[in-house]
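Good morning, and thank you for coming.

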Amino acid sequence: MTNLKDGLVVAAVHEGSIAEEMEIECGDRILAIDEQKIDDVIDFQYLTAEDEFTMLIEKVNGELWEIEIERSYGEVLGLEVQAISTQGLKLCKNNCVFCFVAQMPKGMRQSLYDKDDDYRLSLTQGSFITLSNLDEDEFERILKFHLSPLYISVHAWDSEARVRLMKNPKAGDLSTQLRKLADAGIQIHSQIVLVPGYNDGEVLEQTVRELGKLHPTVQSIAVVPVGLTKYRENLTNLRSFTLQEAQGILTKGEAWQKEYRQATDCSLVYFSDEFYALAGWDFPSVDIYDDFSQLENGVGMASKFRHEFDQSLQRLPHSIPERKVHLITGVSAATFFAQLIKRLDTIQGLSIELHVITNEFFGPTVTVAGLLTAQDIAKQIGDIKGDVFLIPRVMLKADEDIFLDDRSVEWLSQVLQGTPLVVENHGRAFLEAVSGLNLEVEEIE
């Protein structure tokens with residue numbers, strides 16, 4: 001019997017795949033490929049990229065199978081593994097003044113307290129990493145296997161500013177690391193969490209300019225405002241940006257976008273939707289966001305949603321069967337959804353009630369819908385007597401209908417006495433959920 005840390009456990013086998021044909025099952029353990037030990041998902045992906053290889057598997061019952069794989073062009077192995085590594089995740093070694101994990105209350109999903117900073121998750125899932133916890137061998141491995149693209153939390157180009165933000169002396173090595181990645185042709189999507197008095201002003205200007213010099217290796221630069229909860233006792237005293245400061249940042253940002261678009265045919269610098277909400281500005285057109293490379297970072301979601309809404313709205317009939325719908329959102333998106341709802345006033349039979357939920361769980365300074373909890377929603381809406389209520393997918397765990405406070409959609413539906421509909425962050429999906437109709441329309445390019 002192998003050691004519990006040997007190999008990677010199979011989490012899923014795709015229907016009709018080579019893996020299914022070879023009778024590989026969930027729970028089987030992949031030990032080696034072509035006699036090379038499998039330590040993490042990078043080993044697995046690299047060694048299974050060939051058209052022919054031999055896989056050593058330990059079955060759930062302890063049997064060892066040696067399976068010869070041969071595949072034609074386009075055929076997929078069809079395997080997913082449970083863990084990123086036999087040794088677990090690489091954890092964050094920083095102590096950032098703005099760390100969101102450090103300002104979370106108890107009683108949430110346990111996985112939310114994990115401070116991962118793993119380059120393998122950056123490659124496979126688009127998670128942001130700081131590079132400050134890598135040893136020399138790991139960095140060389142990134143270069144050797146050309147692990148690309150990577151999503152990197154830059155925050156500040158200036159070494160002193162970055163160390164001050166992240167409270168880790170190794171954080172000051174970033175400019176050297178980024179240049180090495182650029183020389184190797186590894187694509188980078190970067191983010192800057194902007195904190196007043198730490199990395200705004202001239203520090204931000206330098207960071208954007210230096211990253212811009214690394215284009216096209218640096219594919220995108222996302223700027224997002226610091227998120228502050230009410231749970232900051234004994235933490236560094238920070239504040240949010242004022243309306244005037246946010247407007248100043250966006251004004252400067254528009255100038256950068258215009259300059260980079262002329263030089264590179266892309267905006268390169270993008271600001272999160274939350275910044276536009278803070279500034280009281282309307283969300284820009286979809287053209288600003290190019291390929292929407294940082295949607296998961298809250299960059300361009302509202303503009304894309306509105307564009308999809310516009311495309312699908314013409315497919316709605318002038319009247320539908322009587323339908324009452326409750327729409328739930330956070331404070332920052334309240335005006336946005338109020339405007340969309342107003343455009344649906346002409347649809348006879350449709351009644352929409354907008355519920356703007358104040359985040360009492362984290363505190364009122366947290367205004368995005370993705371950080372709302374079931375408890376706050378239940379407390380602020382009350383009994384809706386069997387009506388339909390919409391839950392944006394961004395409020396839930398990626399693979400399960402669970403809110404941040406570990407309450408389920410089913411729990412919320414019982415408390416509200418309503419019928420839940422989980423809605424993807426897509427304008428057409430929203431209109432389909434609101435109307436109860438199936439709308440077919442071409443997707444946004």
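With which side chain does the side chain of Ser 220 make a polar contact at 2.7 Å? The partner is the side chain of His 189. Before I continue, please note that this is a predicted model.

Let us stay with Ser 220. This residue is found in strand S10, which covers residues 218-225. The side chain of Ser 220 also makes a polar contact with the side chain of Gln 294, at 3.0 Å. Is Ser 220 buried or exposed? With a relative accessible area of 0%, Ser 220 falls under the 20% limit and is therefore buried. If we leave aside its neighbours within four places in sequence, Ser 220 is in contact with several residues, among them Ile 188, Ser 190, Leu 268, Tyr 270 and Ser 293.

I turn next to a pair of helices. Two packed helices are described by the angle between their axes and the distance between the axes. Helix H12 spans residues 374-381 and helix H13 spans residues 409-416; they pack at an angle of about 10 degrees, and their axes are 10 Å apart. Because angles under 35 degrees count as roughly parallel, H12 and H13 are roughly parallel to each other. On the side of H12, the contact is made by Ala 374, Gln 375, Ile 377, Ala 378 and Ile 381, while H13 contributes Trp 411, Leu 412, Val 415 and Leu 416. Sorted by class, this contact has 8 nonpolar residues, 1 polar residue and no charged residues.

Which residues of H13 are buried? They are Val 409, Leu 412, Ser 413 and Leu 416. These residues cover an arc of only 100 degrees around the axis, so they lie on the same side of H13. The buried residues of H13 pack against H12, strand S14 (388-392) and strand S15 (419-423). Following H13 comes Gln 417, whose phi is positive, near 60 degrees.

Asn 168 lies in the loop between helix H5 (159-166) and helix H6 (174-183). The relative accessible area of Asn 168 is 9%, under the 20% limit, and Asn 168 is therefore buried. Neighbours within four places in sequence aside, Asn 168 is in contact with Lys 93, Asn 94, Ser 132 and Val 163. How far apart are the C-alpha atoms of Asn 168 and Leu 178? They are separated by 17 Å, and the two residues are 10 residues apart along the chain.

Thank you for your attention.

Technical notes:
Residues are numbered from 1 along each chain as its sequence is written. This is a predicted model: local features need pLDDT of at least 70, side-chain atom pairs count only at pLDDT 80 or more; totals for chains, interfaces and linings use all residues. Side-chain values use heavy atoms; hydrogens and water are left out. Axes are lines fitted to C-alpha atoms, for helices over the stretch in contact, and angles run from 0 to 180 degrees between N-to-C directions. Helices (H or I, at least four residues) and strands (E, at least two) are DSSP runs, numbered from the N terminus. Angles under 35 degrees count as roughly parallel, over 145 as roughly antiparallel, 65 to 115 as roughly perpendicular and the rest as oblique. Contact means heavy atoms within 4.5 Å. Ala, Val, Leu, Ile, Met, Phe, Trp, Tyr, Cys and Pro count as nonpolar, Asp, Glu, Lys and Arg as charged, and the others, Gly among them, as polar. Buried means under 20% relative accessible area, exposed over 50%, partly exposed in between (1.4 Å probe, protein chains only). A polar contact is a pair of N or O atoms within 3.5 Å; within protein, one must be able to donate a hydrogen and the other to accept it, and residues adjacent in sequence count only if both atoms are side-chain atoms. The arc is that of the directions from the helix axis to the C-beta atoms.
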